[in-house]
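Hi everyone, thanks for coming. Let's take a few minutes to look at one structure together, and please stop me whenever you like.

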Amino acid sequence: MEQERIIGRYTYLRSFRISDAAALYGYLSLKEVTEFEPYEPLDWQQSLAEAAARAADTAYLAICLKENDILIGNLYFAERDFGTYELGYVLHPNYQRRGYGYDAASTLLQEAFVCKKIRRVIIRCDRKNRASWALAEKLGMRREGIFYKECYFKRDATGEPIWIDSLQYALLREEWEAQHEAAKMEDHFYQSV
């Protein structure tokens, strides 16, 4: 059963559908998109299987544009230990660096902290993926650490692991609330001047 839409300013989030295979293929088949993902670019058959898997997995949310309903990427939001949730994001290159990732992720954080009262959210990313950790910082998250040569998903031409230095960002609900209260007060100040 599809969950209801979570509406942002420019985007909305919804459950994946099996019919999203073509849209998934549109970005997950690109090497530049999967460079920092734990998988290689998907072919058409893999995209069909991935759409079916994501349609059955509530951790994946499709990012769609409000203006035309085009699926432009996805969020991953899954529970980990001790009331912590992990957030991940992938966008089609045509829609990167235009504010859509921020809109979708900040909308999800608001839903998580305000409606679901989630305690803590983390983002893990490859230290080389500047766009990913820049978005985490724009979302108001704080860097908790660097994990050197923590894991690998891919191998080089000789079969050796390509080790990843991971960054971890986190945000507590009370930190999010304090940031948004400060922003409201600043807006109120400028409106009254």
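Let's start with what is tucked away in helix H4: its buried residues are Tyr100, Gly101, Asp103, Ala104, Ala105, Thr107, Leu108, Leu109, Ala112 and Phe113. Keep in mind that this is a predicted model. H4 covers residues 100–115, which is 16 residues, and it reaches 22 Å from its first C-alpha to its last, close to the 22 Å expected at 1.5 Å a residue. Just after H4 comes Lys117, with a positive phi of about 55°.

Now for the rings. To describe a pair of aromatic rings, you give the distance of the centres and the angle of the planes. How many aromatic pairs are there? The count comes to 6. One of them joins Tyr25 and Trp44: the centres are 5.8 Å apart and the planes are at 85°, so this pair is edge-to-face. Tyr25 belongs to helix H1 and Trp44 to helix H3, so the pair ties together parts 19 residues apart in sequence. Tyr25 is partly exposed, at 34% relative accessible area, and Trp44 is partly exposed too, at 39%.

Another pair takes us back to H4. Phe113 and Trp176 form a tilted pair, 5.7 Å centre to centre with 40° between the planes. Phe113 lies in H4 and Trp176 in helix H6, so this pair links parts that are 63 residues apart in sequence. Are these two buried or exposed? Phe113 is buried, at 1% relative accessible area, and Trp176 counts as buried at 7%.

Last, two charges over rings. The charged end of Arg54 sits over the ring of Phe16, 5.5 Å from its centre. Lys138 lies over the face of Tyr102, 4.8 Å from the ring centre.

Terms used: Residues numbered from 1 in each chain as written. Predicted model: local features only at pLDDT ≥ 70, side-chain atom pairs only at ≥ 80, totals over all residues. Heavy atoms only, no water. Helix = DSSP H or I, 4+ residues; strand = E, 2+ residues; numbered from the N terminus. Expected span 1.5 Å × (residues − 1). Buried < 20%, exposed > 50% of the residue type's maximum accessible area, 1.4 Å probe, protein only. Phe/Tyr/Trp six-rings, centres within 6.5 Å; stacked < 30°, edge-to-face > 60°. Lys NZ or Arg CZ within 6 Å of the ring centre and 35° of its normal.
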